[in-house]
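Have the sequence and the 3D view open as you read.

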Amino acid sequence: MIACRIAIAATALLMAFLPERGNAQTVPPPSSVEQDVADLRQEVARLREEIALLKQSLAAPASGPVSSLQAGVEVVQAQIAEQAQVKVESQSRLPVKIFGTIHSSTFLNRGAANWLENPNLVAAPTGDTEDRSFSSTLRQSRIGFQVDGATVGAWRVKGVLALDFFGGSPGFQTGQVMDLPRLLYGFARFESGNTAIEVGQDQMIIAPRDPFSLASPTFPELYRAGNLYLRVPQARVEQRVPTGRSSAFTLAAGIVAPIAGDFVASYTFVPPALSGERSGYPAVQARVGWAAGDETSTSHAEIGIGGHYGRRREEGVNHTGWATVVDVDLRVGRVGFGSEFYTGDQIAAFGGAIGQQARSHGGYVEGRFALTSRLVAAGGLGLDRVLDSSRALVPLGENQGRFGNLTFHFTPEVAAAFEYRWLITTPVNGEARRNHHTNWTLAYSF
């Protein structure tokens with residue numbers, strides 16, 4: 001624009017001094033030439049002022065439209081630099097996502113806890129007048145990797161591998177701070193439309209949900225007290241059948257490794273063939289569920305029923321294990337509710353019968369309430385009870401768990417929680433044992 005104005009002014013000045021073609025006698029009067037020169041000088045002075053102002057605006061801190069443009073360029077440049085620093089690639093050039101949690105637990109037990117930072121039953125008294133314990137640990141921290149992007153025909157494939165440090169402590173003088181890694185998840189998942197095939201180690205098919213607790217990521221809340229749980233090698237097929245705009249049936253079935261829950265050795269390099277492996281057959285699990293609403297939305301409802309069938313062979317005798325499980329999860333606005341109920345036999349590996357090979361039934365109920373967008377309160381209770389017909393075979397008859405917690409999210413990645421847990425374990429012959437457990441948790445997820 002400035003250049004055009006200068007060119008127009010220069011052309012006008014030249015035209016004022018040059019005669020018209022074909023008429024050399026036509027010359028403007030002196031007064032007209034002087035006026036044009038004066039106008040030209042004013043225009044040049046005005047253009048100089050505009051150029052000076054433009055130079056000042058470019059040198060000064062940007063504002064307005066120029067500021068927005070420069071800010072946008074700076075943001076893009078920063079994002080490019082950040083991506084160049086954090087980019088992770090596998091050898092196959094597929095993108096790799098790293099995730100994990102730094103998890104700190106500081107705890108106090110006023111009873112004989114079987115696991116100090118995450119107890120699930122009360123151990124036998126040690127003989128001390130007060131079976132108390134206090135300490136802090138980070139062995140519930142975890143790290144994992146997710147690989148996504150591969151395709152096999154119409155199937156999209158992703159892989160997940162996750163570890164924590166709940167695999168035990170070495171036999172060393174300060175082994176408490178040298179916790180060993182443990183495999184949590186490791187599977188490949190093939191997805192195409194509403195169908196999925198998964199092979200690897202993942203949560204059991206029949207028990208997909210757990211009570212809400214930041215303090216117990218290693219073994220979930222109320223394990224061995226009404227909440228069945230196990231991460232187990234498996235091969236399964238899942239099918240989603242839409243029934244409406246936001247509702248669908250979910251069908252899942254598969255075979256799982258015949259883990260019987262009878263591995264009691266302190267350490268062995270090669271897992272032995274125990275009663276589950278000696279059965280010679282995999283276990284079978286299936287679940288049918290119906291869900292309405294997205295799990296991330298303000299309203300959600302889901303109900304499912306699942307079953308388990310397996311075998312184990314001990315001292316030349318075959319034992320049949322089975323379980324039937326019903327689970328429910330509801331959420332409306334700030335309020336949530338979850339529950340699970342089961343009955344079964346020979347399901348010690350899942351926490352049934354308080355981890356004993358016996359017939360039992362149990363379950364839990366849980367409530368959740370979002371006090372604010374950052375503060376969530378949760379509480380519940382659970383029970384696992386060995387049936388009378390099996391009590392002559394095992395030492396423990398009943399295990400109760402009750403809990404309450406408050407969880408505050410400073411950011412989506414940083415959270416802190418306070419939890420109280422009351423466990424009551426009752427032997428078949430003997431008095432009830434009690435443990436009051438409190439836990440202060442800080443978790444930083446990435």
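## A tilted ring pair

Tyrosine 223 is buried, with a relative accessible area of 6% (buried means under 20%, exposed over 50% and partly exposed in between, using a 1.4 Å probe and protein chains only). Phenylalanine 219 also counts as buried, at 15%. Their rings form a tilted pair, 5.3 Å centre to centre with 40° between the planes. Rings of Phe, Tyr and Trp (its six-membered ring) pair if their centres lie within 6.5 Å; planes under 30 degrees apart are stacked, over 60 edge-to-face, and the rest tilted.

This is a predicted model, where local features need pLDDT of at least 70 and side-chain atom pairs count only at pLDDT 80 or more, while totals for chains, interfaces and linings use all residues. Residues are numbered from 1 along each chain as its sequence is written, and side-chain values use heavy atoms, leaving out hydrogens and water.

Ring pairs link Trp115, Phe166, Phe219, Tyr223 and Tyr229 into a cluster. Tryptophan 115 is partly exposed at 22%, whereas phenylalanine 166 is buried at 9%. Arginine 139 lies over the face of phenylalanine 166, 3.9 Å from the ring centre (CZ of Arg or NZ of Lys within 6 Å of the centre and within 35 degrees of the ring normal).

## A buried glutamate

Glutamate 340 is buried yet has no salt bridge (a Lys or Arg side-chain nitrogen within 4 Å of an Asp or Glu carboxyl oxygen). Its side chain reaches the backbone nitrogen of leucine 228 at 2.9 Å.

Methods. Lys and Arg count as positive and Asp and Glu as negative; His and the chain ends are not counted. A polar contact is a pair of N or O atoms within 3.5 Å; within protein, one must be able to donate a hydrogen and the other to accept it, and residues adjacent in sequence count only if both atoms are side-chain atoms.
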